[in-house]
Amino acid sequence: RRPRLYDCFIPPKRSPPIAGTAPNGTEDCDHWPGHCYGAPYEPYRICLGAEHKTIQHRNYETLQEHLDGHDVLALHLKIDSEGTEWAVLKRLLTRPEEIAKIRTLDMEVHFSYRVEGGDTDEKPKPEQELLTERVEILEGLLKYFYCTGSTLEVYREEKDNDRICPRGGCGEANLHLPRGMSLDQFAVSYVSKGLVGPGGKPLSKPVRVTKHSKGGAQGGAAPTPAPAAPASFRKRSPETPTTTNDVAPPQIQTQCVAKYRDQSSRPGKPCMPRPLVNPFSTETSWRVQFGERVLAAVEGQVTEEDCDGFELFGDHTWCLRAMRSKGVRGFSYGIEERDLWSEKMSNNFKMPTQLYDCFIPPQRSPPIAGTAPNGTQSCQGYGGHCYETPYEPYRICLGPEKKRINGRPYETLADHLRGHKPLSLHLKIDSEGTEWAILEQLLASPADQDKIRTLEMEVHFSYVPEGDTDTARKMSEKDRLEQRVSIMERLRERFVCTGSNLEVYGESHNFEKLCPGSSCKEPNIHYKYGMSVDQFAVSYVHRRLVPEASERIGPVNGVVVTGSQSAGNLASAAMSRIKKGAAAAASAADDEDEDSNLALKLPEWPPVDRPCTPKTHSQSSRPGKPCMPQAKIQPYKTDTQWRAIFGERVLQAVTGTVKEEQCGGFELFGDHVWCLKVFRQPGVMGLSYGIEERDLWSEKMSNVFHMYTQLYDCFIPPRQSPPIAKTAPNGTGSCERAPGHCYETPYDSFRICLGPEEKVINQRRYTTIFKHLAGRPPLSTHLKIDTEGTEWAILERLLDSPEDLDKIRTLEMEVHFSYVPEGDDPQVRSLSEKKRLANRVRIMERMLERFACTGTNLEVYRESWPPETECAGSRCNEPVVHLYRGMSVDQFAVSYVNRDLL
């Protein structure tokens, strides 16, 4: 077969077939690793869509255009167009003469996607109408094709719903089987009924369906009608309610075996047997749903191995790994008469503690009265209250704001956490209902959450205490419970549940005796046919302390919590980085364990949003300090402090400091800010790396500044790039009559990429910057690098060679902080994301040692980013590196000039 390949999204440099560099028509691929085509193929940078048009510079064509001119049963078709398949198939089903040309059809379907090249309806359809239409399209295919198979069975075997979605803990899929797996996306294969007879038997002769036939085939049997769908799956009108016959009732767990017998909090999934009948006189669906969500949220997900052992004590499940650290402290809120938690912290784990309670009279509580033995080093011989390690008592309660209520003082958790280091505190909260307002504030501060090693709580879902917020008091019961359940779910973003006392509570419930004939009143919140979960104790450990469990569980709500070691200050390793390799940089990064140290190079943290006005409205790169106002809202779903710190350090490193008078004027062109006086020098040359189809930078160097240039790219196919193909007008003296690519001053081009070392990767040749700078005199070279991520390894080596740095007059770059391309250092691939970013931020800072920044295109990017509308409700995903309450700085262009020229 001679295949034609289509894709308009994938960059050619990432796809050898689209780039035309895959072995083509070799007849024998046995000796070709990777991409290889025995029969010739034809690649096209075109996507399949509903109409022939261009969207965001991407070309779309219709299937009908591609089928035109082909014979009946002459084509095999594969469609994986990420959502446009529905508009394509919808039109195809109206053209039987086109369908007749297709022998086999293989597709990946995406039911919920709405994409740029898909449906052309001006008004988006409601979800149910959209899904109904797409289901009917699949049913319509059965008129012309038999289904040969799908990937659904494999997907089902890989999906353990009982583990992934315990007790209904997963959100409902857009489209799914009754009590089953999502059908939103899968692959399916078809064969034409013109090739296969009824029942799947091969035909002695293929059925020939001639063009423009309607309803039947000439010269053969009519297509077999599609089998009727089962009754339970036939089309319903949107108004038809779902009956109990359509979906089976949830299965009720009636038996399980407890793994522990301790009458304390227990790790793991609680064994919560359920009676066979409802014990309550009523059953409110939302109370049950909330209860099931709570059960899923507090399931213990760490193993004994993750924690180096558990300690089960009272209402607590302690992860021993988290308890073995010096320089930590315990805060206990709500101690009442005696606080066994703080005594255990003091006597077993040897940590100082601070105890808080504003309700208990001092005469009833020796710790609050300050009369409990304090700092005794040994409690042998002391009966009752005793603290071997010193404690501090306070007649203060914990609340959402600092104030007095009924003569009792309340203070905030944020005030108490202020000044403490990451992972330096153990926290216990038993504040009889104020925990919800406290937790809500805590969840809004990732930095404060990251100070907490372990968190122990008793939760009270239905309490509305005196210290709660006015907002909570005004909520309906249902809304208040919904908010509190959501808080429990969000705690899993940065913490892992180690255990709860729910199993012990469950063992004390005998519903058959307590609630005969469904006689018990329904609790405020409970699980299906089961016990109230209105009040219980639960234990957590910070994800950083149990990385194995954190990796196994995966991110919650898209929040990725990095390891406990932060990137820190790499200055001490900077000058020896190349000699010692990237591994040395990672080792230097391990020397710091506080995110706050990352901000030491910043003038202030957090940054103050100062008013600014752009000095120019050019849509090119701009000189000076970029005007980058903070968003008026929190734009992102998560707020990782070190990502914002890195972003602010990047902004500081690429702020333009060169004045116009120093340069004799600027030239603003595309992604570049040129200092004009440094271009007025004979005998210089330009090196441009990563030119793609056309390189306006080198054309400008050639035609305006009349310098010889060398152009490099190993990804772009020559037929797509006249300069690489050497067909662009070269050394013409004048380009007035040559529209498009043209070089007045001669250029040379090379199918070579720039990398950290000389080698061949995937049949692409890489070379080093040092080879090209060899023999060049000082200040003789203008340099442009747009190498899609390899710039970091190149710059790191270049910064270690002052002699080569001094050869560069100007440097233009597009930087890509999150890319790890094929040509990057192998050591970089093994670094954690945070260490890799720390290393790259430091490279940007080191650039200022020999170069001054003339400008960037960041201000232009910021003007085109409307966070208040695009990210309303903090719905945007957090970028890899971004400004504080601001835009991503993961990729942008920056211009430099050698300081010796100023």
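Q: Before any totals, what does buried mean here?
A: Buried means under 20% relative accessible area. The model is a predicted one.

Q: OK, what share of the protein chain's residues count as buried?
A: Of its 902 residues, 51% are in the buried class.

Q: And the accessible surface, what does that come to?
A: About 42200 Å² for the protein chain, with 49% of that belonging to carbon and sulfur atoms.

Q: How many helices and strands are there?
A: The protein chain has 33 helices and 35 strands.

Q: What about contacts between residues at least 6 apart in sequence, how many join residues at least 24 apart?
A: 74% of those contacts in the protein chain do.

Q: Switching to helix 28, residues 791–799. Why is it largely enclosed by the rest of the structure?
A: Because nine of its nine residues are buried.

Q: Which ones are they?
A: In helix 28 the buried residues are E791, W792, A793, I794, L795, E796, R797, L798 and L799.

Q: Now helices 14 and 17. At what angle do they pack?
A: Helix 14, residues 435–443, packs at about 45 degrees to helix 17, residues 477–490, and their axes are 10 Å apart. That angle makes helix 14 oblique to helix 17.

Q: Left-handed or right-handed crossing?
A: Left-handed, as helix 14 passes helix 17.

Q: Which residues meet there?
A: From helix 14, W436, L439, E440 and L443; from helix 17, Q483, R484, I487, M488 and R490.

Q: And by class?
A: The contact of helix 14 with helix 17 has five nonpolar residues, three charged and one polar.

Methods. Residues numbered from 1 in each chain as written. Predicted model: local features only at pLDDT ≥ 70, side-chain atom pairs only at ≥ 80, totals over all residues. Heavy atoms only, no water. Axes fitted to C-alpha atoms, helices over the stretch in contact; angles between N-to-C directions. Helix = DSSP H or I, 4+ residues; strand = E, 2+ residues; numbered from the N terminus. Parallel < 35°, antiparallel > 145°, perpendicular 65-115°, else oblique. Left-handed = near helix turned anticlockwise from the far one by under 90°. Contact = heavy atoms within 4.5 Å. Nonpolar A, V, L, I, M, F, W, Y, C, P; charged D, E, K, R; others polar. Buried < 20%, exposed > 50% of the residue type's maximum accessible area, 1.4 Å probe, protein only. Areas by Shrake-Rupley, 256 points an atom, 1.4 Å probe, with all protein chains shown as cover.
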